[in-house]
Amino acid sequence: MNKYEALYIITPELDEEAISASIEKFSQLVATNGGVVEKVDEWGRRRLAYEIDYKSEGYYVLMHFEGASELPREMERNFKNDENIIRYVVVRRQA
């Protein structure tokens with residue numbers, strides 16, 4: 001299993017319950033696909049470097065996980081289909 005990290009930004013209009021549900025959704029996605037979530041680091045609301053869709057803030061989340069080589073592609077597909085995700089990036093970490 002390879003080690004990965006995913007940084008994603010959730011739209012700031014959501015309430016705390018919806019943000020927690022979104023974070024849990026992506027953690028469950030890793031587990032469902034045979035991966036293991038090592039750590040979820042919530043950075044909270046931060047100012048964006050530039051406006052995206054007329055938004056100047058976002059809720060940042062950094063997730064470290066292990067999984068098969070197909071898992072990052074599945075994560076990116078789900079990030080892309082979720083309208084509450086502003087931006088995302090999934091990269092492989094060095095061991």
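The following paragraphs go through a predicted model, taking the sheet, the helix packed on it, the nonpolar cores and the salt bridges in turn.

The sheet is open and has 4 strands in the order β2-β3-β1-β4, paired in the antiparallel sense. At its edges stand β2 (36–52) and β4, and each has a single partner strand, so one side of each is left without a neighbour in the sheet. On average, and with direction ignored, neighbouring strands are turned by 20° against each other.

Strand β1 (residues 2–10) can be followed through its pairings with two strands. With β3 (residues 55–67), β1 forms 9 antiparallel bridges. With β4 (residues 85–92), β1 pairs over 7 bridges, again antiparallel. Tyr 4 has a bridge partner in β3, Phe 65, and another in β4, Arg 92. Further along, Ile 10 stands opposite Tyr 59 in β3.

Helix α2 packs on this sheet and touches β1, β3 and β4, with a direction that makes about 175° with that of β4. Which residues of α2 (residues 71–81) are buried? They are Leu 71, Pro 72, Met 75, Asn 78 and Phe 79. These residues lie on the same side of α2, because the arc they cover around the axis is only 125°. On the other side of α2, Arg 73, Lys 80 and Asn 81 are exposed. The cover over the buried residues of α2 includes β1, α1 (16–32), β3 and β4.

In soluble globular proteins, nonpolar side chains tend to be buried together. Here the largest nonpolar core has 19 residues, of which Tyr 8, Ile 10, Ile 23, Phe 26, Phe 65, Met 75 and Phe 79 touch the most other members. At least two residues of this core come from each of β1, α1, β3, α2 and β4. Helix α1 supplies the largest share, 5 residues. Another core, of 5 residues, lies apart from the largest one, and its members include Ile 9, Leu 48, Ile 52 and Tyr 60.

The charged side chains come next. Side chains of opposite charge can pair when their charged atoms come close. The model has 5 salt bridges. In one of them, Glu 66 pairs with Lys 3, and the closest N and O atoms are 3.1 Å apart. Because Glu 66 lies in strand β3 and Lys 3 in strand β1, this pair ties together parts that are 63 residues apart in sequence. Glu 66 is partly exposed at 21% relative accessibility, and Lys 3 is partly exposed at 30%. Both belong to a network of salt bridges that links Lys 3, Glu 38, Glu 66 and Arg 93.

A second pair is Asp 82 with Lys 25, with 3.1 Å from N to O. Asp 82 is in the loop between α2 and β4 and Lys 25 is in helix α1, so the parts tied together are 57 residues apart in sequence. Is Asp 82 buried or exposed? Asp 82 is buried, with a relative accessible area of 10%, whereas Lys 25 is partly exposed at 39%.

Arg 77 and Glu 74 are separated by about one helical turn, because they are 3 residues apart in helix α2. Arg 77 is partly exposed, with a relative accessible area of 45%, and Glu 74 is partly exposed at 23%.

Terms used
Residues are numbered from 1 along each chain as its sequence is written. This is a predicted model: local features need pLDDT of at least 70, side-chain atom pairs count only at pLDDT 80 or more; totals for chains, interfaces and linings use all residues. Side-chain values use heavy atoms; hydrogens and water are left out. Two strands pair if DSSP finds at least two bridges between them. Buried means under 20% relative accessible area, exposed over 50%, partly exposed in between (1.4 Å probe, protein chains only). The arc is that of the directions from the helix axis to the C-beta atoms. Contact means heavy atoms within 4.5 Å. A nonpolar core is a set of buried Ala, Val, Leu, Ile, Met, Phe, Trp, Tyr and Cys residues joined through side-chain atoms within 4.5 Å. Axes are lines fitted to C-alpha atoms, for helices over the stretch in contact, and angles run from 0 to 180 degrees between N-to-C directions. A salt bridge is a side-chain nitrogen of Lys or Arg within 4 Å of a carboxyl oxygen of Asp or Glu.
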